Structures are given as C-alpha cells and as structure tokens.
Amino acid sequence: MSFKQHSRQYDLVVFGVTGYTGKFVAEHITTHFPTDLKWAIAGRSAAKLQNVIDECKALNPDRQSPEIEICSLNHTELGALAKKTFAFITTVGPFSLYGEYAFKACAEAGTHYFDCTGEAVWHSSMIEKYEAVARATGACLFPQSAMESATSDLITFAMASRIKTEFSAPIGDVIVEVHEIRGAPSGGTLATVLSLCDAFHWKEIAKSHVPYNMSPIPNPKKTPKPSLLSKLTGLYPVHNLGLLATSLTSGTNSAVVHRTWGLFNQEPSLQKQSYGPNFTYREFAKVKNPVRGVVMHYSFMIGRLLILFCPPFRKMLRKFVSQPGEGPSKEDQAKEYVQFQGLATPDIQLKTGKQVWAKAEYAGGNYGLTALLVSQAACTILQDDIKLPGGVYTPACLGQGYVDRTGEAGFKIETMVIDA
Ligand SMILES: NC(=O)c1ccc[n+]([C@@H]2O[C@H](COP(=O)([O-])OP(=O)(O)OC[C@H]3O[C@@H](n4cnc5c(N)ncnc54)[C@H](OP(=O)(O)O)[C@@H]3O)[C@@H](O)[C@H]2O)c1
C-alpha cells in the first residue's frame with residue numbers, strides 16, 4: 001500500500017530513537033515499512049543517531065537510511081521539525097517532564113502525532129491545553145498508542161466489532177485481563193513512574209484514572225461495584241476467565257478505553273462504531289492462585305502509597321533501579337511474552353446467554369510490542385483514508401485498518417463467541 005501524497009519533506013520523523021524504546025521503533029520501521037518511506041530520525045546527539053542508523057543498516061542493508069535531524073528539547077527547534085513532516089512519533093520520556101514540547105509543536109503545525117506514554121494524567125493535561133489548537137490546525141494526536149494503552153483499546157474494539165457482526169447489538173460489560181506477562185521494565189519506564197509523582201499531585205493522578213474522566217462526554221452508567229470480599233482481597237473470580245486480581249496498569253488503560261467510548265459517540269465519522277449506552281470496562285491481571293492474588297494486591301497498594309507519598313522512598317528507588325537508556329538485553333527480550341484475554345457481553349436479551357471472548361498475544365518483548373503498536377499507528381494514518389478532524393484521539397479511533405496492521409506485524413487478536 002502506498003503512502004499518501006502531501007507537501008511535507010518527510011512522511012515520518014521519529015524523535016527519541018537513541019533511547020531504549022526508540023531503538024525498537026527505528027528497527028520496526030526498518031524491517032516492516034515499505035522502502036519508499038521518506039523518514040528521519042531526530043535527537044540531540046549526531047553520533048548517537050548515526051549509531052542507530054548503522055545498527056538498522058545491518059538489519060536491512062537494501063533499505064535507504066533515514067535522514068538525521070538534530071533537535072533539542074525546545075519550542076523553536078521542535079516547532080521547526082514538526083513542520084517538516086506529515087507524521088511524528090516520539091518516545092522521549094518521561095512525558096510528564098519532556099513530552100509537552102513535541103505535543104505542542106505537532107498540534108500547532110497540523111502534524112499527526114503518536115507517542116508511547118502511559119501517563120494518563122499528562123495525556124489529560126495535553127487534551128486540556130491543545131485539543132482546541134489541534135482542531136484548528138487539523139493535527140490528529142494519538143497519545144498512549146503503545147502497550148499502554150493500545151492493547152486494551154484494540155481488544156475492546158475487536159470484541160465490540162464481533163458483537164456487532166454476530167448479534168447486531170452494542171457492547172455491554174467488558175473485562176480485559178493481562179493473562180501472562182514475562183518481561184522487565186526499562187530504566188526510562190521506571191524513571192517515568194517516579195517522575196510522575198513529582199510532576200503531578202496525587203489527586204490529579206487519581207482523577208485521571210476515574211472512568212469517563214477523560215471522555216469528551218459523560219456517561220451516567222456506573223462500572224459494576226466490587227463485592228466487599230473483592231475489595232478486601234483484591235480477588236475477582238470471573239466465569240469464563242478464571243481468577244483475576246488487581247492490575248497495575250488498569251487505571252491508565254481504562255482511562256483511554258472510556259475516552260474511546262466518548263469519542264465514538266461524539267465524532268460523527270466514528271459514530272458507526274459506537275459502543276452503546278450500557279458499556280462498562282474493567283481490567284485485571286490473571287493469577288494462578290488466591291494467595292498470589294492477595295499478595296499482589298497488597299504489594300501494589302503499599303508500593304503505590306510509598307511512591308506517591310514518600311519522596312525519600314522515590315529517591316532511594318532511583319538509585320537501585322536500572323537507569324534511563326538501560327533495559328533488558330536483546331537476548332532476554334527475545335524470551336519475553338505477553339498475552340491478554342478479554343470477555344464482553346452483548347447489550348441485548350438473547351434466548352441463551354452468549355459472550356465474546358478474545359485473546360491477543362505477542363512473543364518477543366514488551367518494548368518490541370510498544371514499537372509495533374506506535375509505528376503501525378503512524379503507518380495507518382500515512383496510508384489509510386482516516387476521516388477525522390483535528391483533535392486528540394485514542395488508538396481505537398484508527399479503526400480496523402490499525403487492528404489489521406498490528407495483527408500482520410505480530411499482535412494478533414482472535415475473538416470467539418462462547419456460552420455465557
Ligand atoms: N506505556 C508504555 O507501554 C511504554 C512502553 C515503553 C516505553 N514507554 C515510555 O517511553 C519513554 C521512554 O522510555 P525509554 O526506556 O526508551 O527511555 P530512555 O531509554 O531513557 O530514552 C529516552 C529518550 O529520550 C531522549 N531524551 C531524554 N531527555 C532529553 C532531552 N532533554 N532532550 C532531547 N532528548 C532527550 C533520550 O535521548 P539521549 O539518548 O540523547 O539521552 C532518549 O532518546 C518513557 O517515558 C517510558 O515510560 C512507555
């Protein structure tokens with residue numbers, strides 16, 4: 001499939017390729033994108049950028065190398081760079097510290113933007129500041145187009161599509177669970193978690209995770225309340241999924257999925273995909289036994305409290321965890337694996353109860369998956385006729401073309417109708 005015609009110098013610029021995640025993005029583009037892509041890699045060190053080019057050249061010697069763009073974190077240089085390209089990917093994080101420069105530059109330049117932040121509170125503040133600017137320039141901005149939160153968003157989208165096809169009905173209650181995860185975080189990810197609490201008040205972080213807080217329109221429908229036992233133990237036995245427990249990433253992912261609900265209702269070109277009025281979303285992690293689930297629940301709770309409210313604990317952690325730029329080795333990444341499962345109930349009365357079950361998996365590392373998701377999101381806007389006006393969107397707003405591309409690249413979502 002060919003890339004769209006436009007008047008800019010580049011189809012795509014990738015900012016942050018000298019970091020742990022950015023290198024995976026450069027590699028994914030080198031090995032998966034059509035060779036007629038006009039692209040550049042951007043960063044503050046020419047020598048580091050040349051190293052990335054040399055490493056990518058070894059992966060695909062026949063492909064023309066990207067251009068190099070030297071760019072520091074300031075409004076003038078990023079503003080000039082954003083004007084040169086049709087689409088822009090950034091992996092420069094922590095986003096709460098460094099992300100606003102690129103976000104603002106792309107919103108103002110009418111440049112389509114993709115990032116890998118998992119910081120919903122930062123995402124929420126960018127909507128407030130730049131949504132109106134993007135509407136005026138035509139820029140479509142897609143934060144959280146990575147493992148957080150494209151995975152949850154696309155699995156929900158796939159289940160809603162299957163329900164529409166099978167039952168001509170909207171989607172009702174949805175549960176997504178992190179079924180298996182083998183992998184370690186990068187230094188950049190850990191620095192991001194720790195910086196977030198310095199950049200935002202805990203109340204702002206908590207507010208950004210409240211269902212529908214990031215949705216452009218409210219939904220009075222309430223998420224099902226947990227039982228007292230679930231509240232105390234963090235355990236959620238779910239028929240057709242098994243024993244589930246508290247998930248570390250449920251807040252940020254559910255913020256994005258609920259925003260998708262609102263965007264699908266609000267934006268005329270997305271309304272045919274609407275999830276319906278009784279949609280609810282919850283996310284958990286699969287556990288092998290109750291003891292593990294309870295331990296996980298309390299460990300997360302205590303860890304979260306210490307990180308949020310105890311600056312000396314954050315300072316101490318910084319010394320012991322891996323540092324920005326570091327991450328699992330290539331060999332360890334190759335052994336990593338992640339699987340998600342989902343369950344959705346059609347919002348319709350049927351003679352016999354039915355549900356849609358989904359499975360999505362990726363073998364080869366969480367950062368490889370992030371690179372796949374953010375790169376294929378950019379590819380979708382470079383190739384497909386996406387009829388969105390300017391604004392801040394969620395990954396699912398890219399539609400079936402994005403789901404198909406991520407599937408072909410290795411993140412396949414399968415859905416099945418099962419008895420409830
Ligand atoms: N949500 C998800 O699923 C997910 C997945 C993966 C990553 N992430 C996020 O992605 C971000 C990056 O993670 P990482 O592990 O790749 O971090 P990293 O290895 O530390 O890389 C950071 C990148 O940002 C650049 N950078 C930092 N400060 C800069 C500055 N002042 N000016 C210009 N460039 C600067 C670095 O350039 P230099 O090389 O020049 O220092 C490097 O390219 C983190 O926020 C992480 O949380 C999220």
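Residues are numbered from 1 along each chain as its sequence is written. Because the model is predicted, local features need pLDDT of at least 70 and side-chain atom pairs count only at pLDDT 80 or more, while totals for chains, interfaces and linings use all residues.

Let's start with the big picture. The chain is split into domain 1 (10–146 + 370–398) and domain 2 (148–365 + 412–419), with bounds that come from an automatic or database domain assignment. Their centres, taken over C-alpha atoms, sit 24 Å apart. Where they meet, 25 residues of domain 1 are in contact with 33 residues of domain 2; contact means that C-beta atoms, placed from the backbone, lie within 7 Å. On the domain 1 side, α5 gives the largest share, 4 residues. Helices here are DSSP runs of H or I with at least four residues, strands are E runs of at least two, and both are numbered from the N terminus.

Now look inside. The largest nonpolar core has 112 residues. Such a core is a set of buried Ala, Val, Leu, Ile, Met, Phe, Trp, Tyr and Cys residues joined through C-beta atoms within 7 Å, and buried means 20 or more other C-beta atoms within 10 Å (exposed is 12 or fewer, partly exposed is in between). Helix α14 (residues 366–383) gives the most to this core, with 11 residues. Met 159 is among the residues that touch the most other members. Leaving aside neighbours within four places in sequence, its contacts include Ile 171, Val 174 and Thr 415.

Next, find helix α4 (residues 95–109) and helix α5 (residues 120–137), which pack at an angle of about 10° with axes 8 Å apart. Axes are lines fitted to C-alpha atoms over the stretch in contact, and angles run from 0 to 180 degrees between N-to-C directions. That makes α4 roughly parallel to α5, a label for angles under 35 degrees.

Most residues other than glycine have a negative phi, and most peptide bonds are trans. Yet a cis bond joins Gly 93 and Pro 94, with omega about 0°, and Pro 94 lies in the loop between β4 (85–90) and α4. Gln 144 has a positive phi near 60° and counts as buried, with 30 C-beta neighbours inside 10 Å. Asn 240 also has a positive phi, about 80°, but counts as exposed, with 12 such neighbours.

Definitions and conventions. Parallel < 35°, antiparallel > 145°, perpendicular 65-115°, else oblique. Contact = placed C-beta atoms within 7 Å.
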